Amino acid sequence: MTEIPDTDPLPAESCARRRPGAIYMLPVIVLLAVGVLVGCSQEKKDTIEEVDPGEFPTMRTLNVSTLVSDSGYTRYHITAPSWLMFDEAREPYWSFPEGLDMERYDDNREVEATFRSDSAVYFNAKRLWRFDGNVRMRNTGGDRFAVEQLFWDQQNGKVYSDSFIQIERIDRTIEGVGFESNEQMTEYSILDVQAILPTPERRDSTARRTSQLHSADSARSDSASAPVTSPASRQQNTGEP
């Protein structure tokens, strides 16, 4: 609130004698100014009282980039364009309106799993995450998940969704509605399976690798049928499948 100074706003006495009109005009201007200031201050005060704490954040952080460690190892790298905290809301929560990205590292700090979503909300009291819009994941086994909305219940250690989900595995793609999983996304199930389809790209790459293995096996078989010059190499060749 703007404080009104106690000093006399009127000009000096000599000036007042030279300009009599100023004696009458300045008090009017001052009164008008005081009225405007009081009116603005009152209006601003009323506006502040009517603010919904659930709509205005208590803290805003931009370009978030943080590392999370566990047992002395760096396990996660989390990035987000903006992080809004609503600690004064009726139900306190954090908001990541511009998306959230996360990478999980192994002991050698190699990326073994990834996660991203267009937006995210974390409800502090419930320890519940809600991810919305184009949620994409890849677990440590290479399975890839695509869903429009996903929940992560940290209290109960589970991940679930009521939306349509697509899971791309090494040999097939599974589609359905409703999903439940552990936190690591390694043990999961689709509640209503609607389709099981082959995954052409992965199937072809798997076929190529299988063909290469068969070719290598054939080459080893041919070498096994040739004369062997040492017992060690003979044992190695005959031990091949």
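# Briefing on a predicted protein chain

Glu 180 lies in strand S10. The model described here is predicted. The protein chain has four helices and 11 strands, and 24% of its 241 residues count as buried.

**Glu 180 and its surroundings**

- Glu 180 and Tyr 160 are 20 residues apart in sequence, yet their C-alpha atoms are 4.4 Å apart in space.
- Once residues up to four places away in sequence are left out, Glu 180 touches Val 159, Tyr 160, Glu 187, Tyr 188, Ser 189 and Leu 191.

**The chain as a whole**

- The accessible surface of the protein chain comes to about 16,400 Å², and carbon and sulfur atoms account for 53% of that surface.
- Taking the contacts between residues at least 6 apart in sequence, 35% join residues at least 24 apart.

**The nonpolar cores**

- The largest nonpolar core has 21 residues. Those that touch the most other members are Leu 100, Trp 129, Phe 131, Phe 145, Leu 150, Ile 165 and Phe 179.
- At least two residues of this core come from each of the strands S6 (119-123), S7 (128-138), S8 (144-153), S9 (158-168) and S10 (172-182).
- Strand S7 gives the most to this core, with four residues.
- Another core, of eight residues, lies apart from the largest one. Its members include Leu 84, Phe 86, Phe 123 and Phe 151.
- Leu 100, a member of the largest core, is in contact with Ile 78, Thr 79, Ala 80, Phe 115, Arg 116, Ser 117, Ala 120, Trp 129 and Phe 131, leaving aside its neighbours within four places in sequence.

**Asn 139, a loop residue**

- Asn 139 is placed in the loop between S7 and S8.
- The relative accessible area of Asn 139 is 3%, so this residue counts as buried, the limit being under 20%.
- A polar atom of the Asn 139 side chain lies 3.0 Å from the backbone nitrogen of Gly 142. A polar atom of that side chain also lies 2.8 Å from the backbone nitrogen of Asp 143.
- Not counting residues up to four places away in sequence, Asn 139 touches Glu 112, Ala 113, Phe 145, Gln 184, Met 185, Thr 186 and Tyr 188. One of these, Phe 145, is also among the core residues that touch the most other members.

**Aromatic rings**

- The structure holds 13 aromatic pairs.
- In the pair of Trp 83 and Trp 94, the ring centres are 5.1 Å apart and the planes meet at 65 degrees, so the pair is edge-to-face.
- Trp 83 belongs to strand S2 (residues 73-86) and Trp 94 to strand S3 (residues 93-96), so the pair ties together parts that are 11 residues apart in sequence.
- Trp 94 is partly exposed, with a relative accessible area of 22%.
- Phe 151 and Tyr 160 form a stacked pair, at 5.3 Å centre to centre and with 15 degrees between the planes.
- Lys 158 lies over the face of Tyr 160, at 5.4 Å from the ring centre.
- Ring pairs link Trp 83, Trp 94, Phe 96, Phe 115, Tyr 122, Trp 129 and Phe 131 into a cluster. Trp 129 and Phe 131 are also members of the largest nonpolar core.

**Positive phi angles outside glycine**

- Asn 63 is not a glycine, but has a positive phi of about 55 degrees.
- Asn 63 is placed in strand S1 (residues 59-70) and is exposed, with a relative accessible area of 65%.
- Arg 127, also not a glycine, has a positive phi of about 55 degrees.
- Arg 127 is placed in the loop between S6 and S7 and counts as partly exposed, at 38% relative accessibility.

Note on methods: Residues numbered from 1 in each chain as written. Predicted model: local features only at pLDDT ≥ 70, side-chain atom pairs only at ≥ 80, totals over all residues. Heavy atoms only, no water. Core = buried A, V, L, I, M, F, W, Y, C linked by side-chain atoms within 4.5 Å. Buried < 20%, exposed > 50% of the residue type's maximum accessible area, 1.4 Å probe, protein only. Contact = heavy atoms within 4.5 Å. Areas by Shrake-Rupley, 256 points an atom, 1.4 Å probe, with all protein chains shown as cover. Polar contact = N/O pair within 3.5 Å; in protein donor to acceptor, adjacent residues only side chain to side chain. Phe/Tyr/Trp six-rings, centres within 6.5 Å; stacked < 30°, edge-to-face > 60°. Lys NZ or Arg CZ within 6 Å of the ring centre and 35° of its normal.
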